[in-house]
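Thank you all for coming; I would like to take a few minutes to walk through one structure with you, going from the interface to the sheets and then to some backbone details. Please keep the view open while I talk.

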Protein chains: 2
Amino acid sequence: MADFLTSQDEDFSKWYTEIVQKADLADYSPVRGSMVIKPYGYALWENIKGELDRRFKETGHVNAYFPLFIPMSFLEKEADHVEGFSPELAVVTVGGGKELEEPLVVRPTSETIIGHMYAKWVQSYRDLPLLINQWANVVRWEMRTRLFLRTMEFLWQEGHTAHATREEAVKETRRMLGVYTDFAIREAAIPVIPGRKSESEKFAGAVTSYTIEAMMKDSRALQSGTSHFLGQNFARAFDITFLDENNEQQYAWTTSWGLSTRMVGAVVMTHGDDQGLVLPPRLAPIQVVIVPIWRKDEEHAQVMGVAEQVERRLRAKGIRVEMDEREGLSPGWKFNDWEMRGVPVRVELGPRDIANRQVMLARRDVPGREGKVAVPMGELEDAVEELLADVQEGIYQKALDFRESHTWTVEEYGAFKEAVEEGFARAWWCGDPECEATIKDETKATIRCIPFDQPEGTGRCVRCGGPAEEMAVFARAY
Amino acid sequence: MADFLTSQDEDFSKWYTEIVQKADLADYSPVRGSMVIKPYGYALWENIKGELDRRFKETGHVNAYFPLFIPMSFLEKEADHVEGFSPELAVVTVGGGKELEEPLVVRPTSETIIGHMYAKWVQSYRDLPLLINQWANVVRWEMRTRLFLRTMEFLWQEGHTAHATREEAVKETRRMLGVYTDFAIREAAIPVIPGRKSESEKFAGAVTSYTIEAMMKDSRALQSGTSHFLGQNFARAFDITFLDENNEQQYAWTTSWGLSTRMVGAVVMTHGDDQGLVLPPRLAPIQVVIVPIWRKDEEHAQVMGVAEQVERRLRAKGIRVEMDEREGLSPGWKFNDWEMRGVPVRVELGPRDIANRQVMLARRDVPGREGKVAVPMGELEDAVEELLADVQEGIYQKALDFRESHTWTVEEYGAFKEAVEEGFARAWWCGDPECEATIKDETKATIRCIPFDQPEGTGRCVRCGGPAEEMAVFARAY
């Protein structure tokens, strides 16, 4: 690798910005705050999409597509919603050369336009539940942007469901947070903490918001997916009513839930190291790279012959494999290059390996000799599949260990302040938004979530000492 | 089917608008000119996407994502391009509560922003070719809109490639038109005529535009996909240059090609009939629907048991199957309902069928008894697979026959005028844009394409009688 990569310890933020560009995940665009998702980054997003979409369909959801433009008046129908989003709006005022009578907002999220359509589609309890997801781009005018983590335009999915009862809508909200949790853990190898948002951190217009929170390698928190119970707020604002089984008019109960291209940033900052990306095998665009090695010309044909055989055998197993046939680059240079791109497993194959009827496998997550193993050609497929599973498990465990070693359960405010300098603080909280605000002012830490996983009993608020019924996870966040 | 559907003969345009809504493909949105793509319509689009995306990847293309917003100044860099698109632009003038210094255009197509990025990414001939596709929404301010065919916002893919030589770019342009042709014929069962656009009909900024043109059931033409050779026009406008093998600075040669949700409209208007949609099996969201039939309660469990077995067996073959378990609806009502939705094959299963160890298969494209066949349970999978293939082939053939019986090769202007009242006219054309314009004024017919498939020799222009080297296909178009 010719290019220099800043080390994580030196400047994590700089490391992040560099690796996202060097590994060809994304590039800056000429429009302030917008990014270009480059093919390698988009392939990662396609794999994320694929795994999520499969889960949505398995849980009975269907995809649809709603308009990009929303009349400004729609946003104003839900008071909290417009208050939350109006500072972030991009507004179309001219169309087809003419000033518009009513400005159109470029969707920052679609509860309002979808609420309008649901009011039209839902008449009877028989029309419920309505379980629809949309893959789309959204725009939120951001002043401080960062590739993948916070951009003016981003790609996401937004699920929007309507139900006949409160219980069913609450269950759906929690179920979809469960889908996100399962996705994050199994596919992205990111240990996340699922829980409830505090009142001050919830979605504009929600009754209750749920979140999965992940710890990045600089020990800051990243909100990685959210699911909202909207109660009847949007149903009342948009008149989503239905006749129930007793022929009585009722407001529907709605939910929404979203996960975005921010997940790409989460993968980068959870697993990456000073050599570059470390991608989870289940999401990696390239799972295995083959680097053929030769010195003399007469070795070339022989090595390539076997390398192509290896490629075919792995591809036949459904493994996403790439052959590095580039000329004029040393094996060492290629190793570094593929390490930077985070390819989970590298197959090295030279004349000596061929003589010994073996290949060398190198795992990305364990550096140097320790991560290398010679495998007999006869065991190629099994060994590679096992190694991919090992890497997936290994990086998950490493991320979990990191989070656990950077999380402290604290009872005193002094210890709390120290903890949030270095990671997550688990602490009793009285539930008072003012206490929460004071903590934020004094420590820059916010309540990331009130985890579902709670200890027995009650305690004393870490700041005010008042009675507390729940523990919260506090951290500085992206 | 409780709802009344206007017949095609009575009012084709009304039939179209009705069936698109009744079959739940799309709905009008509150924003003028925008539509909502409903789950059934979106599932059809997902299948179109899947088949195209597979072909793009097989031909070496990768996906990426470029920003929605484009600085107004970018469009102005290519004179023809801005002239063509400026009447159709939606413009963002306010962002984050502030008036923008430079207005942002919501992309009507992405040659300009992608050209800007390519200039950054391409340095050397080694960086070429660049073969990138994008799945995205685009906005063109349309005054006369129609669901799927012409909407202010639509979904599409736009491929953008850059090459070192003119020859390679021309080859790519033609290759991708070939991909569209293959897709239309094999997947959508739409016979299309591939050819070149005349100068007056080409894309704003292109050197040459190619198109696939289809005939709808009202005998009007629908442009269904286009591929453009852009020469060095955008390379010069955006400074996409590279050092060639002799270390000399050169402008790249670029192409672009797109196919949109309009294809959904093409499928509807090519195959639909007075009973509703007729979907090509290879794209149909539901390929087979099972309608269990019973009268007495004691028959219910038995019929459902066998029906579920049928469902499992077909699903195991990868067939997209749906069971209609709805209560309180007669079999006849259900048959009509699924016919309206265009499901290619229906499985009917009642007590008598079970006694005879058979199922009844009904094909959507052949009405009444003639389209029904009893099949022994042991041959279920093979029979269904064969029938799906037959329907696919059958509706293609029917569409081809329709087009051929509505296409006339004409030499006199009188016969020409009659032909374009009823369908396509193939006629010699002198190549003069004025002649083309006169024909359009006098007959409302435009040159749909100059087909690749040309007769030997030369002729006399159908309007002016001047010498003509090419035959063109003329028609009234959507």
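Predicted model: local features only at pLDDT ≥ 70, side-chain atom pairs only at ≥ 80, totals over all residues.

Let me begin with a definition: by a salt bridge I mean a side-chain nitrogen of Lys or Arg within 4 Å of a carboxyl oxygen of Asp or Glu. With that rule, Glu46(A) forms a salt bridge with Lys57(B), and the closest N and O atoms of the two are 3.3 Å apart. Across the interface of chain B and chain A, the rule finds 4 salt bridges.

Residues are numbered from 1 along each chain as its sequence is written, chains are lettered from A and ligands numbered from 1 in the order in which they are written, and side-chain values use heavy atoms, with hydrogens and water left out.

As for confidence, pLDDT is the predictor's confidence in each residue, from 0 to 100; chain A averages 96, and 99% of its residues score at least 70. For the complex, the predictor gives an ipTM of 0.96 and a pTM of 0.96.

Back to the interface. If we take contact to mean heavy atoms within 4.5 Å, then 52 residues from chain B and 51 residues from chain A take part. The buried area, that is, the accessible area (1.4 Å probe) that two parts lose on being put together, summed over both, is about 4000 Å² between chain B and chain A, with carbon and sulfur atoms giving 66% of it. On the chain B side, Pro30(B), Tyr65(B) and Phe69(B) lose the most area to chain A, and together they make up 15% of what that side buries.

There are also polar contacts, meaning pairs of N or O atoms within 3.5 Å, where within protein one must be able to donate a hydrogen and the other to accept it, and residues adjacent in sequence count only if both atoms are side-chain atoms. Across this interface the rule finds 24 residue pairs in polar contact, both residues being at pLDDT 80 or more.

Which element gives the most to the side of chain B that touches chain A? That is strand S5 (residues 90–95) of chain B, with 6 residues; strands here are DSSP runs of E with at least two residues, helices are runs of H or I with at least four, and both are numbered from the N terminus. Two strands pair if DSSP finds at least two bridges between them, and strand S5 (residues 90–95) of chain A pairs with S5(B) in the antiparallel sense over 5 bridges. Within that pairing, Val91(A) stands opposite Val94(B).

Turning to chain B itself, an open sheet of 11 strands with mixed pairing has the order S3-S7-S8-S14-S11-S10-S9-S22-S25-S21-S20. Strand S3 (62–63) and strand S20 (407–409) of chain B each have a single partner strand, so one side of each is left without a neighbour in the sheet. Inside it, S7(B) and strand S8 (residues 153–163) of chain B run antiparallel and are joined by 10 bridges, with Asn133(B) opposite Gly159(B).

Finally, the backbone: most residues other than glycine have a negative phi, and most peptide bonds are trans. A cis peptide bond, however, joins Leu128(B) and Pro129(B), with omega about -5°, and Pro129(B) is in the loop between helix H5 (111–121) and strand S7 (130–139) of chain B. In chain A, the peptide bond from Leu128(A) to Pro129(A) is cis, with omega near -5°. Asn247(B), which is not a glycine, has a positive phi of about 65°, and it lies in the loop between strand S12 (241–243) and strand S13 (249–251) of chain B.
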